[in-house]
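Please keep the sequence and the structure in view while reading.

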Amino acid sequence: MLNSQIPKSQEQKAAEKAIKGAKPMNDQRWESKRTPITTFLSSKDELRENDYVMHPAWFVTEPEKEAEMRRRLDAGQTADSGWVDSRIPGLGAGDHLNASCQKGSLTAGRTVLAMDCEMCTVEGDDAALTRISLVGWDGEVVMDGLVKPDKPIIDYLTRFSGITPEKMNPVTTSLADIQNRLLDIFTPETILVGHSLNSDLEALKLTHPFIIDTSILYPHPRGPPLKSSLKWLAQKYLGREIQKGHGSLGHDSIEDSRACLDLVKKKCEKGPEWGSVATTTETIFKRLSRTPKKGPRDAAAPGRPGKLGAIIDHGAPEKNFGQMASFSIGCKTDGEVVDGIKRAVTGDPDGAEIPGGGVDFTWARLRDLEFARRWSNNHRYDLIRMDNLTTQINEEPTEPSASALAAQVAATVNCIQQVHESLPPCTLLIVYSGTGDPRDLARLQQMQKTFKQEYKTKKWDQLSVKWTDTEEQALKRACKKAREGLGFVTIT
């Protein structure tokens with residue numbers, strides 16, 4: 001609701017109509033911000049959410065290490081199953097480079113390697129590594145070789161990998177050989193770049209803590225769990241056609257590696273927001289700032305270009321939606337939100353910060369009812385933790401008592417009423433509920449994720465979670481329920 005598409009000229013619209021696939025990025029209004037590559041390293045939570053096998057360096061305490069070792073043992077991801085971990089003693093092992101690297105360096109003194117792997121299908125319908133390519137920051141090839149799987153190949157996946165029986169017949173290099181070479185190459189200063197690298201690292205049976213995944217770095221326009229393909233990202237942000245042999249001759253893993261590398265370089269040159277929603281849209285606050293002033297209200301804020309906007313929310317809104325707002329007011333309760341709205345609408349009595357007459361647009365969020373019903377992200381996490389995971393698809397989420405819920409609903413209604421009564425004449429008031437109940441959706445998504453993880457390593461009768469068409473339909477219903485909402489509009 002707070003974002004809108006950046007206006008395009010008639011010439012731009014006409015040019016885009018002639019383009020098939022992703023439309024090239026228009027950066028005419030973009031303000032570049034050079035950013036070191038270390039800014040874009042995937043966090044522990046991001047790696048977990050994207051199914052990476054975690055490197056031991058991520059775990060500090062003994063209980064954490066033991067819990068992770070048990071998890072890897074159950075999943076068949078330990079040394080006994082052929083897995084290796086890069087020789088990194090801790091997450092801070094490369095920090096000494098921060099002080100010695102040249103100021104403004106995009107690599108921050110790190111060794112950056114882009115990697116892409118090709119796989120085939122072997123006996124047991126497992127995926128196995130057949131080719132690995134490594135490219136350095138300068139685009140030069142560091143490693144490119146074929147790998148002979150331990151099991152017989154039943155599908156070379158030539159249409160995707162480009163691998164054929166003729167290419168594989170003379171190959172003697174084993175997965176263990178490749179692992180040993182990589183362990184020598186990967187140091188505490190090495191940052192590994194790739195697209196959905198979790199699949200490549202799983203095929204390599206190797207973990208490394210310093211990862212930049214372009215499928216995470218460039219979020220899908222419709223948000224997670226959707227991910228953009230590397231082909232689409234290269235066309236959109238690099239203006240480059242890759243994987244032209246898809247479906248026939250297969251991919252070129254060196255070409256894909258270089259595309260990943262260039263996407264990361266583009267991010268370093270343009271800034272953290274490049275490639276996100278911010279590159280194709282602008283906030284309503286920025287649009288307001290470009291709207292010419294006119295009328296007596298605007299005379300109260302001389303020296304400020306354009307219209308004024310304010311955001312009032314729990315926490316620190318200036319770090320999120322409110323970065324482009326003229327004024328941001330952080331709150332702890334809905335009562336403080338109401339007071340913040342009144343202040344934004346009427347302005348400060350002395351005009352010290354918010355000018356008399358208030359701002360032109362105010363956005364605010366009441367969240368106490370959301371917290372009471374445990375609909376927030378923090379509470380949702382409690383519902384889907386593995387040790388509390390429920391597997392009954394019809395199980396009703398826990399609700400507060402009827403009296404407690406009624407009291408909180410009444411308090412929220414009272415807040416809305418106070419806001420309505422404080423507004424000056426001819427003010428447009430929009431009240432909308434946001435989402436519906438998201439708890440079933442979060443729980444079922446976690447069930448689905450657990451099933452997919454276990455299905456790779458366990459037999460059907462050993463699965464802790466079953467996922468059939470019944471669960472799939474329940475997920476669709478939960479998604480529909482979470483999307484439901486209400487909205488009301490009135491003019492005072």
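A: Arg-110 sits in the loop between helix 4 (97-100) and strand 3 (111-122); helices (H or I, at least four residues) and strands (E, at least two) are DSSP runs, numbered from the N terminus. This is a predicted model, in which local features need pLDDT of at least 70, side-chain atom pairs count only at pLDDT 80 or more, and totals for chains, interfaces and linings use all residues. Residues are numbered from 1 along each chain as its sequence is written, and side-chain values use heavy atoms, without hydrogens and water.

Q: Is Arg-110 buried or exposed?

A: Buried means under 20% relative accessible area, exposed over 50%, and partly exposed in between (1.4 Å probe, protein chains only). Arg-110 counts as buried because its relative accessibility is 13%. Its side chain reaches the backbone oxygen of Ala-108 at 3.0 Å.

Q: Why does Val-489 count as exposed?

A: Val-489 belongs to strand 15, and it counts as exposed because its relative accessibility is 59%.

Q: Which residues line the second largest pocket nearest its centre?

A: A pocket is an open set of points on a 1 Å grid over the protein atoms alone, where a 1.4 Å probe fits, with protein on both sides within 12 Å along at least five of seven lines; lining residues have an atom within 4 Å of a point. Here, Asp-116, His-195, Gln-243, His-251 and Asp-256 lie nearest the centre, among 16 lining residues. Strand 3 gives the largest share of this lining, four residues.

Methods: Polar contact = N/O pair within 3.5 Å; in protein donor to acceptor, adjacent residues only side chain to side chain.
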